[in-house]
Each structure stands twice: as C-alpha cells, then as structure tokens.
Amino acid sequence: MKHSDPYINALLTNDQRGVKEIYDTYLPRLEAILGKMGCSKDEAWEVFQESLIVILNKAQKPDFQLSSSFYTFLVSIAKFKWFNESKKKHKKNVTIDAIGTLSDTDDIMESLLKLERFQLYQQKLKELDPICQKLFELFFDKVSLRDIAVELGLNTENAAKQKKYKCQKKLIEKIKKDVIFKQLL
Amino acid sequence: MNLNENNKYEILDNYLSGGMSAEDLDKFRAFLQSDADLAMDHQIVAEMKEAKEFAPLESDLRATLASIKSDTSATIETSPQLTATHNPTSKTSSTRFLYTAIAMAASLLLLVGVFLPNMLETGGSYDQYAMIEPLDLTTKGAAVNDLTLTKNLQEAYNAQDYNQALPQIEAYLAVAPKDMDVLLAKGITLMELNKFEEAHAAFDYIKSLNPRVKKYQWFDAQCFLKQDKIAEAKSLLKDLVATKAYNHKQAQELLATFE
C-alpha cells in the first residue's frame, strides 16, 4: 500500500514524521481559512483530524487517485466538514465560496457521511447485549463459527450462525430506527 | 431463490462473501433493485464490514495525531516558563539559569538559521498575514478547454511552485484574459517571485476590470508590505476596513500592528 504522494503515504503507513509534517504545514493554514468561516481553533483541529481520516479512508482503496495537490484535497474536505459541522453545532449554514476545490464534490460529501455512519454503527453495536457484542467481535476477527459456538457456549456451529443472524437483525433495526441514520444517507 | 425475513441475512452473507451461484446472483441483484429495505440492509451489512476493517487504521492515525498535538501543546506550554525564569531581578537557581541560557541560545540559532532569512526576504507582517488560498479552476468550470493546462496550472500554483505556475498562467490568460481567479493568481505568483512592479500592474489591471470583490486589494497591500512600503500598504488596508471589503477584519488587525 504505497502511494506516490508522500503525505498520502505518510497517512497510509501511519508514519509519525510524515503526519507531523502534515500537521505543521497545513493545520495553521486550515485554521486561517476556516477561521474566516467562523471556525474556532479547537473546531479547526477537529475538522483537520476528521478530514485526514476521510483522506485515509479514501486512500486505502486500491482505485484511489489523487487528482489535485494534497493541500487542495485537504482544504476541500475540511470546508465540507466544517459546512456540515456548523450546520449541526450552530444551527446555521456557513457560506463557502466556491465550495470545495475539486470536481468530485458529491464524492467528498458521501465520504464524510459514510464515516459518520461508521461511528453510528459502532455506537449501536455497544447498545447490543453482551453476547451479541462478543459474537460480532469474534466474527469480525474472522473466528470460525465453530470456534464462536465454543466461545459462547452454544451447542453447534449452526446455533452460532442463527445467533449471529438474530444479533444482526437487532443491530440493523436499531440503526434504521435512529433518526440520525436517516440524515446520514 | 426464496427470500424472506428469516433467511435474508444468510442470503446477504452469501452475497457479500461471493458464495452465490450466477443464477442466484442475478435474482438477488434484482431483489436489491426493487426492494429498498433490502438494499438498505445490504448497505448497512457491507459498511459494517468496511468499518471494522478500517477501524485499526483510523485508530492508529488518531493516536498519532493525538500524540503530535500533545507534544506540540507541551512545547508551547514549556516555552513561556523557560522565558519567565530569565528575569534578572528574580532569584533563579543555577540549573534554571542554565536551562534558560540553553533555550535562549537555541532560540537565537533558530532565529538566525530559519526565521531571520525568511523575515528578511518576506517581511514579518507579510509572512503572518498573506494566507494564499488554493486555486480552484476544476470545480467552477475552467474558462479554458485545455484540461491539461488547467490541471498543471492549478497543481503548480497550489503546490506553491510559482516558477512553474507563471508560464502556465500566462498561457491560460492568453485564452481567457479576464478570468479573475487566474488574474489574481498571476498577481500573487509575481509577488511571490518578488517581481513587485509586475505584481502591482497585475493587481491594477484587476482593479480596472472593476470586480465586485476587492480580494486583489488585500494582496496588493501584501505586496507593498513585502517590500516594506508600509505607508502604501496602510492606505490600501484602511480602504478595505472603511468599505468593509474582503478581509477587512484581518486588515484592521494588521493595521493595529503598525500603531
């Protein structure tokens, strides 16, 4: 997973020196740009962090291509993120002149929403009963259904499978009922 | 394929794991097209899997960022303490004095080695206030059809490679001579290359086109600042403040630093 852009590569490999360079180079610039849109320094830090997570999420896909400079990409995502955040936090729309600086603006918005859905899924998982939580933990760690059955004290592999579908159903119902989920689609 | 509430998650699992026959695959895809509820279930299950796979990467990056932020905050908090100890009237211990001396020597070295050349080259106030935003030609729809030229121009300019950007800006303006964004980019580029007369001429040309936003005036002021022509810069900044034009708050702040 190596990318030609050194900053993208630093994010993908979690290279501390590279990430520090991104922090030193771009956080002050973002603070200045977002500051003009009513964003405090603390909020800019949050936006900066979440924007890097979005970039990481996109960059780990095999078909990812950086169609602009890293800075342009980061600023575009950060502007969108702040646009969303200010709507939520301050109940007001900020005006973004020439919103974003990339052609695939829908894609950025979708990436931001998707990462927020990821957080909601985590939150809903924690609301499940402990057995379902354990079952999902094992399942996502690629533990076999036979071993999951043993771990959870179930008689058969099929019993583990049925338990998994029941837990999945509960989880999906919880997610779909959540009003925030509908806003994230 | 008989799809119902009792077996739909099993079938979804089969679909996502690639364990479905070609015939069932077609049928299931047809279900996904026609059943919005099933499509949503599919989206959630697929994204849950993706979220779980992404979680370690995300968590590692968050930890790295938190550590960098914490280190930076610690440095910022430590600096004033060290400076405060260097008070000739206070009774400082020899150790504290030694630390202070080391810190001051390091600061001096940093000043001479890093900041001073920059300040001499660009002027302190200029460096502090001239925040240059990235050029955005692809989103707004470039006035020039040559996509390669547009892309190269944008990339060179946004990467602050002004030597590379300038000929491409000229080529772009030869086709679209009144593109405000690129005209402004030209002025900024010339300013960054220390071609001050040409930069002022570029800003004056924008002014002659009578644009609604006085962004050019802000950068014209920065251009004067970069040459230490404070009076000329102040005049332009005062006008920005008086007319509540582009960056008038920053102009006010900047003017205050001259008082």
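Student: Is the crossing of α2(A) and α3(A) left-handed or right-handed?
Tutor: Helices (H or I, at least four residues) and strands (E, at least two) are DSSP runs, numbered from the N terminus. A crossing is left-handed if the near helix is turned anticlockwise from the far one by less than a right angle, and right-handed if clockwise. By this rule, the crossing of α2(A) and α3(A) is right-handed.

Student: What kind of model is this?
Tutor: Residues are numbered from 1 along each chain as its sequence is written, while chains are lettered from A and ligands numbered from 1 in the order in which they are written. Local features need pLDDT of at least 70, side-chain atom pairs count only at pLDDT 80 or more, and totals for chains, interfaces and linings use all residues, for the model is predicted.

Student: What pLDDT does chain A average?
Tutor: pLDDT is the predictor's confidence in each residue, from 0 to 100. It stays under 50 over residues 98–103 of chain A. In chain A, 90% of the residues score at least 70, and the average is 87.

Student: At what angle do the axes of α2 and α3 of chain A cross?
Tutor: Axes are lines fitted to C-alpha atoms, for helices over the stretch in contact, and angles run from 0 to 180 degrees between N-to-C directions. The axes of α2 (residues 16–35) and α3 (residues 41–59) of chain A come within 9 Å, and they cross at roughly 120°.

Student: Why is α2(A) called oblique to α3(A)?
Tutor: Angles under 35 degrees count as roughly parallel, over 145 as roughly antiparallel, 65 to 115 as roughly perpendicular and the rest as oblique. The axes cross at roughly 120°. That makes α2(A), relative to α3(A), oblique.

Student: Which residues of α3(A) meet α2(A)?
Tutor: Two residues are in contact if their C-beta atoms, placed from the backbone, lie within 7 Å. From α2(A) come A:Leu27, A:Leu30, A:Glu31, A:Leu34 and A:Gly35. They meet, in α3(A), A:Lys41, A:Ala44, A:Val47 and A:Phe48.

Student: Which element gives the most to the side of chain B that touches chain A?
Tutor: The contact takes 28 residues from chain B and 38 residues from chain A. On the side of chain B, two or more residues come from each of α1 (8–16), α3 (36–85) and α6 (147–158). With 15 residues, the element that gives the most is α3(B).

Student: How many helices does chain B have?
Tutor: Chain B has zero strands. Its elements run α-α-α-α-α-α-α-α-α-α-α-α from the N terminus on. The number of helices is 12.

Student: Why does B:Gln160 count as partly exposed?
Tutor: B:Gln160 lies in the loop between α6 and α7 (162–175) of chain B, and has a positive phi of about 60° although it is not a glycine. A residue is buried if 20 or more other C-beta atoms lie within 10 Å of its own, exposed if 12 or fewer, and partly exposed in between; C-beta atoms are placed from the backbone. B:Gln160 is partly exposed because its C-beta neighbours inside 10 Å number 14.

Student: What is the phi of A:Asn14?
Tutor: A:Asn14 is placed in the loop between α1 (6–13) and α2 of chain A. Although A:Asn14 is not a glycine, its phi is positive, at about 50°.
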